[in-house]
Amino acid sequence: ETTAPQPAQPPGGHGRAGRNLVAAIGMGFVLGVGLVLLPVLYAPWLFSFIIAAAMAVGSWELAGAMDKRGIRVERPLLYLGTFAMPLAAYWSGPIALLGVFGATVLGIFGARLLRGPEGYVADVSGSILVATYTGLMGGFAGLVLASTQGGDRVITIVVLSICSDIGGYVFGVLWGKHPMAPVISPKKSWEGFAGSLLFQIVAGVLLFVLLLEAPWWQGLLMGVVLTIVATAGDFAESAIKRDLGVKDMSSLIAGHGGLMDRLDSILPNIFAGWLLLLIFLGP
């Protein structure tokens, strides 16, 4: 009797996903329940500080990755600014968010002058990228949290983002054969995109009807839009990592890489979700 050859598995039992799935699921559950679900439901003010801390950690990861390419961002200003933006958004609204973002950018322009003109454009550009990617995008999470049904809105966006990852993973592993952008992210397939779309549409309809008590078609539309935005966010972060020559932003989270490796789709979805929910449900 002969046995059909089995496909080679990556070392460490990571399977086709390229990472330890058990550790990824376990850590994802702990983070999702302990740092998102419980604070959102029972202590929204605490969750605003969790968002702020996460954005500061994200800026630290990006700063470390940029160091590898000789880009020296303004770390103290970025840590302070990216921590303050979500808090300003939650406690004082969009004008405060823009004010803190603008002050951070102006501070970056001035602080970098102290180190002379060499590398000024690269360092300032990198610093503003970090401030925008983490602080400004994270600030929209504060705006969502402060809105009517804020906790339910946050849960909706987070669950949709998770469904995007799950759908993309399942369909990609089982049927993925046609890469979407092999130069940027060879593991992202059109089949995986279809899985993300299906999972987010189903979840969007259910969440809008059962949780937000809103029309089903709004959930369907949000599922479609967030699938596109989440995929673009994945590609953007992949392009950043390839340009900086890093596989993961850090090794902070077991089975996941860095925090920004988990927020690559959620951060752009937070903005898109905030905008759509504002249009559909009001402030």
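A search of the whole structure finds eight salt bridges, each a side-chain nitrogen of Lys or Arg within 4 Å of a carboxyl oxygen of Asp or Glu. The model is predicted, so local features need pLDDT of at least 70 and side-chain atom pairs pLDDT 80 or more, while totals for chains, interfaces and linings use all residues. Residues are numbered from 1 along each chain as its sequence is written, and side-chain values use heavy atoms, without hydrogens and water.

**Exercise 1.** Locate the partners of the salt bridge between Asp-243 and Arg-69.

*Solution.* 
1. The two side chains meet at 3.5 Å, N to O.
2. Asp-243 lies in helix H8, and Arg-69 in the loop between helix H2 (44-67) and helix H3 (75-92); helices are DSSP runs (H or I, at least four residues) numbered from the N terminus.
3. The partners are 174 residues apart and link distant parts of the chain.

**Exercise 2.** Determine the relative orientation of H6 and H7.

*Solution.* 
1. The axes of H6 (residues 150-175) and H7 (residues 190-211) come within 7 Å and cross at roughly 150°; axes are lines fitted to C-alpha atoms over the stretch in contact, with angles from 0 to 180 degrees between N-to-C directions.
2. H6 and H7 are therefore roughly antiparallel, the class for angles over 145 degrees.

**Exercise 3.** Identify the element that gives the largest share of the nonpolar patch.

*Solution.* 
1. The patch on the surface includes Leu-198 and Trp-216.
2. Leu-198 is found in helix H7.
3. H7 gives the largest share, five residues.

Methods. Helix = DSSP H or I, 4+ residues; strand = E, 2+ residues; numbered from the N terminus. Parallel < 35°, antiparallel > 145°, perpendicular 65-115°, else oblique. Patch = residues over 30% accessible without salt bridge, like charges linked within 9 Å, V, L, I, M, F, W, Y side chains within 5 Å. Areas by Shrake-Rupley, 256 points an atom, 1.4 Å probe, with all protein chains shown as cover.
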